[in-house]
Amino acid sequence: MRAIFKVFRFSMAMSALSLFSCSGASMPEGKVEESVVSPKINPDYTDLVIPPNIAPLNFCIEMPGEEFIARISGNGAEILAGGNTVVWDEKEWRELLGNNRGKELCLEIFVRDNAGDWTGYKTGLKVAHEEIDPYFSYRLIEPSFVQYNQLSLNQRNLTNFETEIIFNNALTADEGRMSCINCHVPRNQYSDGKTQFHVRQANGGTLIMDGDRVKRVDLRTDSTKVAGVYQAWHPTLDLIAYSTNGTKQYFFTRDRQKVEVLDEWSDILLYDEKEETVEYVANDSTLLETFPAWSPDGKTLYYSVARHPDATDGLADRHREIKYDIVALGFDPVARKFSEKTDTVMKASEMGKSASLARISPDGRRMMTCVGDFGTFHIWHKSSDLWLTDLATGESRRLANANSEEADSYHSWSSNSRWVIFSSRRDDGSYTRPYIAYIDEDGNDSKAFVVPQENPEYYARLMKSFNVPEFMVSPVKFSRGDVLKAIEGEAVGVKFRGAGQ
């Protein structure tokens, strides 16, 4: 039995949309007054760089008027749509983008007022040469602190609007016992069919899928404090780096930020899937070590590290003092040995900032991180922005165009190193939505745009957050029945490999 089933579409909403948008629209007759301002549309799909294989960018026109016509054109071809809710014909959209790869498109909005006069608004779209990975996975979750049964791991086809559930958390409930599934992370954008996610509480463990094989691993040992949390696949070896975190949530009554997630301690572990062993990579009791990430050649392990504060008066009272840097630890894939010392790659603390979630581009040239004012759980931090570090020069900078005034956090690189997908709260400050941005050959970023939906009002009606977006080159294929069997069955135990073992 496949793990995937189609998500119910908003058929009633889309039936209503079809009344407003059609490819049989025609251009305005008579004089059209050209405006010097860009059209106001939602989502904001103006002045973008877009992939040549992206699904249609449907939107609502948020300008007053009696009649609306939208046209997008390039290279001698055009498509039209009528109505203030614009839903492009998918076949026409694909043909237009395919014929304009690497070229400019012109998006025009024509609005007729109640006096019968037409005004035209214009913006540009550039179609990149490079395609985007066709899929991404994510966790769809309500923004709740204690209720987490209504969440699922989903996947979306970015070339169309097909959305499927990978695994539903409700399937893990057993006679009132609750579990929580999280952190679905594929290896190498799922190009080799390996992926994993955690199950917490009842029947807890780490589910590791390799093609159609599934196993649940209990990473706890007598020598380690807890199981793995944040994970990083080695790109070629059967090794996975994990952080182990003593995480707590703190709630504030006199702070604009009501919730903070802090690690009271955190270390880095290495799990050997073949030998079924774990060992410490970094476990300095004076440091907080978390969010591991491998280089694409597998010769460097990056992670975030902060000095553990002297918190005798309470860690929550000192949480704004915790500033993480990014360090790198050399690794010999043949000998399977780490270097003795780390190198600091990004000294965020010297800028009064805190960096987490280092992710290295598949071409090995750049590192993207989340940088906020303090701490490491930046999805809660309005100050969080995406930064890019040139690994050859060591230069770090804030992305110039993709960031917003709200939290921009968890990010993933496409397999060709030209696209990033990340979580952003820019729409309303509360719910994270998946945004995409283009990174060119020189490392310059373009304006980010939200993942398009068939119904352009989808996000406004959805009271759930997208988090942990991960690019994939193909959809996941593991069996839901095999996953449930692994969850309900006996977990694979591991042995601790310490010094001299």
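Visitor: Which residues are linked with Lys 194 and Asp 210 in a network of salt bridges?
Guide: This is a predicted model. In it, a network of salt bridges includes Lys 194 and Asp 210.

Visitor: How many residues apart in sequence are the parts tied together by Asp 238 and Lys 274?
Guide: The side chains of Asp 238 and Lys 274 meet in a salt bridge, 3.8 Å from N to O. Asp 238 sits in the loop between strand S18 (231-233) and strand S19 (239-251), while Lys 274 sits in the loop between strand S20 (259-272) and strand S21 (277-282), so the parts they tie together are 36 residues apart.

Visitor: Is Lys 274 buried or exposed?
Guide: The cut-off for exposed is over 50% relative accessible area. Lys 274 has 63% relative accessibility, so Lys 274 counts as exposed.

Visitor: How many salt bridges does a search of the whole structure find?
Guide: The pair Asp 238 and Lys 274 is a salt bridge. Another joins Arg 461 and Glu 457. The search of the whole structure gives 29.

Visitor: How many residues apart in sequence are the parts tied together by Glu 441 and Arg 365?
Guide: These two side chains form a salt bridge at 2.8 Å, N to O. Glu 441 is in the loop between strand S32 (433-438) and strand S33 (449-450), and Arg 365 is in the loop between strand S26 (354-360) and strand S27 (366-372), so the separation of the tied parts is 76 residues.

Visitor: What is the relative accessible area of Arg 461, which pairs with Glu 457?
Guide: The closest N and O atoms of Arg 461 and Glu 457 are 2.5 Å apart. Glu 457 is partly exposed at 29%. Arg 461 is exposed, at 53%.

Visitor: How many residues apart in sequence are the parts tied together by Phe 197 and Phe 478?
Guide: The structure holds 16 aromatic pairs. In one of them, Phe 197 and Phe 478 are tilted at 40 degrees, with centres 6.4 Å apart. Phe 197 belongs to strand S15 (residues 194-201) and Phe 478 to the loop between strand S34 (465-472) and helix H4 (480-488), so the tied parts are separated by 281 residues.

Visitor: Are Phe 197 and Phe 478 buried or exposed?
Guide: Buried means under 20% relative accessible area. Phe 197 has 0%. Phe 478 has 1%, so Phe 478 too is buried.

Visitor: Which aromatic residues form one cluster with Phe 136?
Guide: The cluster includes Phe 136 and Tyr 138.

Visitor: Which ring does the charged end of Arg 425 sit over?
Guide: Arg 426 lies over the face of Tyr 435, at 4.5 Å from the ring centre. The charged end of Arg 425 is 4.7 Å from the centre of a ring, that of Trp 380.

Visitor: Which side chain makes a polar contact with the side chain of Ser 414?
Guide: Ser 414 lies in the loop between strand S30 (408-413) and S31. With a relative accessible area of 0%, Ser 414 is buried. Beyond four places in sequence, Ser 414 touches Asp 133, Gln 189, Pro 362, Trp 419 and Phe 471. The polar contact, at 2.7 Å, is with Asn 416.

Visitor: What arc do the buried residues of H4 cover around the axis?
Guide: In H4, the buried residues are Arg 480, Val 483, Ala 486 and Ile 487. They lie on the same side of H4 because their arc around the axis is only 125 degrees.

Visitor: Which exposed residues does the face of H4 turned away from its buried side carry?
Guide: Arg 480 and Val 483 are among the buried residues of H4. The face turned away from the buried side carries Lys 485 and Glu 488.

Visitor: Which residue caps the N-terminal end of H4?
Guide: A side-chain oxygen lies 3.2 Å from the backbone nitrogen of Gly 481. That oxygen belongs to the capping residue, Ser 479.

Terms used:
Residues are numbered from 1 along each chain as its sequence is written. This is a predicted model: local features need pLDDT of at least 70, side-chain atom pairs count only at pLDDT 80 or more; totals for chains, interfaces and linings use all residues. Side-chain values use heavy atoms; hydrogens and water are left out. A salt bridge is a side-chain nitrogen of Lys or Arg within 4 Å of a carboxyl oxygen of Asp or Glu. Helices (H or I, at least four residues) and strands (E, at least two) are DSSP runs, numbered from the N terminus. Buried means under 20% relative accessible area, exposed over 50%, partly exposed in between (1.4 Å probe, protein chains only). Rings of Phe, Tyr and Trp (its six-membered ring) pair if their centres lie within 6.5 Å; planes under 30 degrees apart count as stacked, over 60 as edge-to-face and the rest as tilted. A charge sits over a ring if NZ of Lys or CZ of Arg is within 6 Å of the ring centre and within 35 degrees of the ring normal. A polar contact is a pair of N or O atoms within 3.5 Å; within protein, one must be able to donate a hydrogen and the other to accept it, and residues adjacent in sequence count only if both atoms are side-chain atoms. Contact means heavy atoms within 4.5 Å. The arc is that of the directions from the helix axis to the C-beta atoms.
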